Amino acid sequence: MRCYLTHSPEETTLLGRELAADLRPPCLAVLEGDLGSGKTTLVKGIVAGLGACPEEEVHSPSFALVHEYGQDRKVYHVDLFRIEGGNRELGTLGLGELVDQEATVLVEWGEKLGDLGLVPQVGIKLEHLGGDKRRITVERRAKDSSR
Ligand code: ADP
Ligand code: MG
């Protein structure tokens with residue numbers, strides 16, 4: 001488990017770029033944290049770091065639920081904010097299939113995934129510490145820690 005402190009959105013995006021270097025598809029990464037804690041800001045850096053698209057083209061998919069970035073190495077950006085936990089809608093999103101296609105799947109409000117049977121390789125928690133300060137905790141499953 002690794003813990004980072006950031007002091008600006010730019011720092012969080014930069015951290016996302018660094019984290020991207022350790023993500024190997026197929027990969028499911030879930031992000032948890034309150035509204036405004038910086039999930040989308042971090043995802044911008046991860047998507048850019050994976051080379052899928054420039055960070056300014058990454059926006060929260062609150063209404064679309066899923067955004068797709070990249071050409072051959074796909075990155076899917078999911079936002080479950082508007083989904084009720086345990087909702088049947090979740091099953092129909094087909095997240096499992098997305099992960100299976102050598103893609104990187106980044107899920108905001110990942111705690112809502114519940115018992116879909118998906119096991120994330122990476123769990124990221126973001127905490128608002130007041131002002132522009134954020135604590136970002138990254139946890140990898142044991143399988144990945146040797147990388
Ligand atoms: P979420 O997706 O968790 O709702 P966003 O990334 O959309 O959060 O929004 C985070 C907001 O907080 C943005 O307006 C961003 O500019 C601001 N912010 C201030 N400091 C930071 C920081 N250290 N890291 C990330 N975002 C920050
Ligand atoms: Mg968001």
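1. In this predicted model, strands E3 and E4 (residues 75-79) pair in the antiparallel sense, with four bridges between them. Within E4, His77 is the residue that stands opposite His67.

2. The sheet to which these strands belong is open and mixed in its pairing, with seven strands in the order E1-E7-E6-E2-E5-E4-E3. Strands E1 (2-6) and E3 (66-69) stand at the edges; each has a single partner strand, so one side of each is left without a neighbour in the sheet. On average, neighbouring strands are turned by 15° against each other, direction ignored.

3. Ligand 1 is surrounded by 16 residues, of which the closest are Thr12, Gly36, Lys39, Thr41 and Asp132. The shell comprises two nonpolar, nine polar and five charged residues.

4. A backbone N or O atom of Asp132 lies 2.7 Å from a nitrogen atom of ligand 1. A polar side-chain atom of Arg134 lies 3.0 Å from an oxygen atom of the ligand, and a backbone N or O atom of Gly38 lies 3.1 Å from a ligand oxygen atom.

5. Taken alone, ligand 1 exposes 570 Å², and the protein buries 75% of that. H1 and H2 are the elements that give two or more residues to the shell; the largest share, three residues, comes from H2.

Definitions and conventions: Residues numbered from 1 in each chain as written. Chains lettered and ligands numbered in written order. Predicted model: local features only at pLDDT ≥ 70, side-chain atom pairs only at ≥ 80, totals over all residues. Heavy atoms only, no water. Pairing = 2+ DSSP bridges. Axes fitted to C-alpha atoms, helices over the stretch in contact; angles between N-to-C directions. Near = heavy atom within 4 Å. Polar contact = N/O pair within 3.5 Å; in protein donor to acceptor, adjacent residues only side chain to side chain. Areas by Shrake-Rupley, 256 points an atom, 1.4 Å probe, with all protein chains shown as cover. Nonpolar A, V, L, I, M, F, W, Y, C, P; charged D, E, K, R; others polar.
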